[in-house]
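Let me put the structure up on the screen, and then I'll walk you through a sheet and a few charged pairs.

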Amino acid sequence: MSAFLANIIEEERYTVRIIVILLLGLSLLTGCASQATFGDAITQGEPTPIPTPVVPSKPVYQVERGKIVYERRFFGRIAPVITEEIAFEIDGRVLEVLVERGATVNAGDVLARLDTRTMESQLLNAEEELAIAQSIFESADSQVRYDSQRARLNLEIAQLRLDYAIEQAADPPSADDTLNISLRTIERDLAQVSVDEFTSGVDPQLRFDVTRAQKRVDEIKALIAKAELVAPMSGRLVYFSPDPGEPMIAYEPIAVVADLSVLEITDEMDADDLSELAEGMPLSIKRASLPGNIYTGAIASLPSPYGLSTDEYVHVAFDQQPPLDEYQVGDRMEFTVKVEERDNVLWLPVSAIRQFSGRNFIVVQNEGVQRRVDVRLGLEGDGRVEILEGAEENQTVIGP
């Protein structure tokens, strides 16, 4: 029985050895395939190659002598130099609008009208009152002229009768002659009183009534005339807002007419920018976004306290006005101001300057030896910076 078990065990061991051998063979085959796929085997003892690090080269500069221009670039809008705001002089409601925004107008053109129907009705009533007052006055004046003429004629008759009585009286005059002369004298004096009564003419109240009625008519006509919005000068309506039926407030601007023959650029700047500028500084002008002509100009005025401008804007003038069709009011423009210029100075590119703890320094190379040198800087512009101290012309400088 034990021999039988021993045989079984031996057979199982043999089977296990066969399986192990097969597995080892399979593993060797797999390794060979992998090695054949990914390359040659590494020779034993050969070191793994390490990539050589790339050392970036530093820029090299030369200290040069030349010009430095410090410029500032700003952006503004095209605006007319001469403009005038327009407003109705009375309150009212818009009846009709005769032009559109952007229209070209001439001085005196009517742009819009207010509804004047109520005022026209008032004018009719006032004219009727004036006509009545004038009629009464003219009738009274005619009557006064007739009565005055009658009184003068009566005075002449009385004087003739007095003269005749004196001529017919005896010498010395009798009692009847004296009485007759006295009566004729009184008649003459009464006739003179009548003449004097008409010297002042028509009753002053009637004349006042006419004057008052005429004044009322004139006032209403003036109001109706103010109901028209009239262009004060020739130009283009760069702003125009009234619509039919819209209520208007007296003296509130609703339109702006501009003379487009003289254009400028306006810009609003902060105090730091304004402190670097001065009136009269030359500059160049071009369109901000699209290519176009380049014009020259100058700063015409700066706001107080930096200049004489009456508003808060910087005003830039063209040396030569561009054609009328080249720019539109409101176009965005770029203008570059030459703030300062220095010639025949030592300079380096700004990128050559290094800083550390508030120091400005450069690295100067001489015969392969590099050393740090503190420098004092001056004007900076267009990528260049002036070297006031610390460097010499033609020195080689290693950039950071």
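**A sheet, then some salt bridges**

So, let's start with an open sheet: four strands, antiparallel pairing, in the order E6-E5-E3-E8. The edges are strand E6 (228-230) and strand E8 (247-248), and each of those pairs on one side only. Quick word on terms: strands (E, at least two residues) are DSSP runs, numbered from the N terminus, and two strands pair if DSSP finds at least two bridges between them.

Before I go on, this is a predicted model, where local features need pLDDT of at least 70, side-chain atom pairs count only at pLDDT 80 or more, and totals for chains, interfaces and linings use all residues. Residues are numbered from 1 along each chain as its sequence is written, and side-chain values use heavy atoms, with hydrogens and water left out.

Back to the sheet. Strand E3, residues 92-97, runs antiparallel to E8, and two bridges join them. Which residue of E8 is the bridge partner of Gly-92? That's Met-248. As a reminder, strands of a sheet pair through backbone hydrogen bonds, either parallel or antiparallel.

Okay, salt bridges. Here that's a side-chain nitrogen of Lys or Arg within 4 Å of a carboxyl oxygen of Asp or Glu, and by this rule we get 20 of them.

Take Glu-393 and Arg-65: their closest N and O atoms are 3.2 Å apart. Glu-393 sits in the loop between strand E18 (384-389) and strand E19 (396-398), while Arg-65 is in strand E2 (residues 64-86), so this pair ties together parts that are 328 residues apart in sequence. For accessibility, buried means under 20% relative accessible area, exposed means over 50%, and partly exposed is in between, with a 1.4 Å probe and protein chains only. Glu-393 comes out partly exposed at 39%, and Arg-65 is partly exposed at 38%.

Next one: Arg-342 with Glu-386, closest N and O atoms 2.5 Å apart. Arg-342 is in strand E13 (residues 332-349) and Glu-386 is in strand E18, so here the linked parts are 44 residues apart in sequence. Is Glu-386 buried or exposed? Buried, at 7% relative accessible area. Arg-342, on the other hand, is partly exposed at 29%.

Last stop: Glu-341 and Lys-338 make a salt bridge at 3.3 Å, N to O. Glu-341 is partly exposed at 37%, and Lys-338 is partly exposed at 37%. Both belong to a salt-bridge network that also takes in Lys-67.
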